[in-house]
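Trainee: Could you take me through one part of this structure closely? I would like to look at a sheet and the core that goes with it.

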Amino acid sequence: SVCSSQTPNEFNASQSPCDLLTLGGGAVFFNTNVGLVAAVEQRNGHIRWLRRYPRGGMNDDNNRAIAVTRGETPCLYHRSALVVAPADATSLFALDPSTGATLWATEKAYDVEHLLGAEDGTVVASGRRLWLLDIATGKVRQRWPDSIAAGIRGVGRGCIAGREIFWPTENAIYVFDVVSGGQS
């Protein structure tokens, strides 16, 4: 057992937690979605580190309500960063995979639902919008569309194939270049 806690949606009996694990850098990473991220050594099962994060709640502002409704998302491991999008927090953040130290955190990307991958120092995340973030700093490189009110909304999970991002909406699948952010 790594931890125990109440989930923010315990009133919803149809929701059952999934343990989604990520392997990288000799560790198994576990986003518990109950206020804790854990790193366990791959070879012997010993805990490398545990990292608490601030949990959001349904009684907070609208951004928190949106973030708390995101599904359970596994961590994204890419070289020297572990990107985490917990179901119970508004923030998206990156940790040092060796120590658990926070590299960056942002609440700008509160509507992220999926961590699609990383390429050339860019984290690709999606949800209502498509997000390209600098993996080292968390700085937003691109967000499309710029506003939730633009009338274009992501539906389902996109993917990265080579250098292209395929992002589905209700009416089309948009294609973007991972590095430039340009639309194909």
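Mentor: We start with the sheet and then turn to the cores. Keep in mind that this is a predicted model.

Four strands make up an open sheet. Their order is β9-β10-β11-β12, and the pairing is antiparallel. In general, strands of a sheet pair through backbone hydrogen bonds. Look at the edges next. They are β9, residues 112–119, and β12, residues 140–144. Each of these edge strands pairs on one side only. From one strand to the next, the twist averages 15 degrees.

Now zoom in on β9. Its partner is β10, residues 122–127. The two pair in the antiparallel sense over six bridges. Find Glu-119: Thr-122 in β10 stands opposite Glu-119.

Next comes the largest nonpolar core, which has 16 residues. Which residues touch the most other members? They are Val-83, Leu-92, Val-112 and Leu-115. Five strands each supply at least two residues of this core: β6 (81–84), β7 (92–95), β9, β10 and β11 (130–134). The strand β9 gives the most, with three residues. So β9 is an edge strand of the sheet and also the top contributor to this core.

Pick out Val-83. Set aside its neighbours within four places in sequence. Val-83 is then in contact with Cys-75, Leu-76, Leu-92, Phe-93, Ala-94, Trp-104, Leu-115, Val-123 and Ile-135.

Finally, there is a second, separate core of 12 residues. Among its members are Phe-29, Trp-49, Phe-93 and Leu-95.

How values were computed: Residues are numbered from 1 along each chain as its sequence is written. This is a predicted model: local features need pLDDT of at least 70, side-chain atom pairs count only at pLDDT 80 or more; totals for chains, interfaces and linings use all residues. Side-chain values use heavy atoms; hydrogens and water are left out. Two strands pair if DSSP finds at least two bridges between them. Axes are lines fitted to C-alpha atoms, for helices over the stretch in contact, and angles run from 0 to 180 degrees between N-to-C directions. A nonpolar core is a set of buried Ala, Val, Leu, Ile, Met, Phe, Trp, Tyr and Cys residues joined through side-chain atoms within 4.5 Å. Buried means under 20% relative accessible area, exposed over 50%, partly exposed in between (1.4 Å probe, protein chains only). Contact means heavy atoms within 4.5 Å.
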